[in-house]
Amino acid sequence: MSRQGEATLSPLAALGRVSLGVVNEMGAMLIFLFHAFRLIFSSLGQFAKTVRQIYFIGVKSVIVIALIGLFTGMVMGMQLYFALSMFGADGFLGSGVALSMVRELAPVLTAIMVTGRAGSAMTAEIGVMRISEQIDALETMDINPMGYLVSPKLAASIVSMPLLTAFFNLIAIFGGWLTGVLLLGANAGVYWNRVQSSLDWDDVSGGFVKSLVFAVLVCTVCCFEGYFTHTRKGGVGPEGVSQSTTRAVVTSCVLILISDYVLTSLLW
Amino acid sequence: MKKYSKETWVGIFVLVGLACVAYMTVKLGNVQLFTDNYYTLKAKFTDVSGLKVNAPVQMFGVQMGFVEDIEINQEQDVAEVTLKIDKGVVLTDDAIVSVKTSGLIGDKFVKITPGGVGDQLKPGSTIFDTEPAIDLEDLISKYVFGKV
């Protein structure tokens, strides 16, 4: 092709480069996830590490999840009460709060909070280990760095996320009761009855499926970004780690919301 | 205060978390773990529009069962509804089953009006006396066009 032709095609080539890069990274992440999954059960010594990770990802997130859940439920109770009481349908407050929490808000907000609290820390931790060549040192000692660093985090995320989502749900429904019933005066019996009767097993199990998917997603993205921080083009060393951390959090959040839409349309 | 180890906290976290999951599944998710407390009855309707699986079955306004299944019976051109009725409730074959609405736009439920002199219904048997769901639009149009 002539020189001129190449110049005309260069925006197309740029687009192609970007697309190829995205597809490349997605494939790399999938392989990364596969390896991490495979190594979850590889050795018995992992168990203590996994417990420590559950402490970090799960136990330490409980307070923040409880706060977010309480206030999300409270604001939901208030807004829905105002909207529903216009039609004299404030009896449906319980249905509205329970369905929106269990199906959407609890899994999504929990995943985003875990990304912010634990995901960023995962990226930073693994990234620093990478730039200070500790991961190479692990390889030198014939310890598989994936199994040692990533798999326990993955296992801990899979255990913690549904439990945190369950906390979020119950606390948010309680929060809706606080504002809707105690503050604004909806009927308490109707509220609890609606909460119970409007939720089905499909809703509850769908919420948990979502939270499991998000757990795998957040952990994979965050660990991947940290693990390959040295291959970034933008910055090297500490700067690279900071960029990786930012990128991990942004990518996780975007992916959580996109996959939430896909999951919702698939599940219900 | 005694300082707990990380393992203990994780144990507490997992235990409480599982309790929440179990509560949500059984209480909120309406999963029927022990369905032996119920027996099955069938009823055939010409119209069950709006009735859903798991909708309550009521007698005198008290819930005493739920809708287990709704199917089409093409041989008889009816909708066949399978009901799960509390074992303590005895029904006779002259009972009337109807699909009702709670409130103006509320959910549909099944109402059973007990009979008095019939024979006792055995599990699996069919109630013949049924009233279909009331179509609100139908009623309004009848009123508007003066056929009432």
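A nonpolar core is here a set of buried Ala, Val, Leu, Ile, Met, Phe, Trp, Tyr and Cys residues joined through C-beta atoms within 7 Å, where a residue is buried if 20 or more other C-beta atoms lie within 10 Å of its own, exposed if 12 or fewer, and partly exposed in between, with C-beta atoms placed from the backbone. Ile173(A), leaving aside residues up to four places away in sequence, touches Gly73(A), Val97(A), Ala98(A), Met101(A) and Val195(A), contact being defined by C-beta atoms, placed from the backbone, that lie within 7 Å.

Residues are numbered from 1 along each chain as its sequence is written, while chains are lettered from A and ligands numbered from 1 in the order in which they are written. Because the model is predicted, local features need pLDDT of at least 70 and side-chain atom pairs count only at pLDDT 80 or more, whereas totals for chains, interfaces and linings use all residues.

Between the chains, 17 residues of chain B are in contact with 19 residues of chain A. The side of chain B that touches chain A has nine nonpolar, five polar and three charged residues, with Ala, Val, Leu, Ile, Met, Phe, Trp, Tyr, Cys and Pro counted as nonpolar, Asp, Glu, Lys and Arg as charged, and the others, Gly among them, as polar.

Chain B is assigned a domain 1 (1–31) and a domain 2 (35–141), with bounds that come from an automatic or database domain assignment. Taken over C-alpha atoms, the centres of these two domains of chain B are separated by 39 Å.

Chain B also holds an open sheet of eight strands in the order β7-β1-β4-β3-β2-β6-β5-β8, with mixed pairing. Strands β7 (126–127) and β8 (130–131) of chain B stand at the edges, each with a single partner strand, so one side of each is left without a neighbour in the sheet. Two strands pair if DSSP finds at least two bridges between them. Strand β1 (residues 38–45) of chain B joins β7(B) in parallel through two bridges, with Lys42(B) opposite Thr126(B), and pairs with β4(B) in the antiparallel sense over eight bridges, where Phe45(B) has Ala79(B) as its bridge partner. Strand β6 (residues 108–113) of chain B runs parallel to β2 (residues 56–59), to which two bridges join it, and Val57(B) stands opposite Val110(B). Strand β5 (residues 96–101) of chain B pairs with β6(B) in the antiparallel sense over six bridges, Lys100(B) standing opposite Phe109(B).

Of the nine residues of α2(B), the number buried is zero, so this helix lies largely in the open. Just after α2(B), Gly146(B) takes a positive phi of about 70°.

As for confidence, the model scores ipTM 0.74 and pTM 0.78.

Terms used
Helices (H or I, at least four residues) and strands (E, at least two) are DSSP runs, numbered from the N terminus. Two residues are in contact if their C-beta atoms, placed from the backbone, lie within 7 Å.
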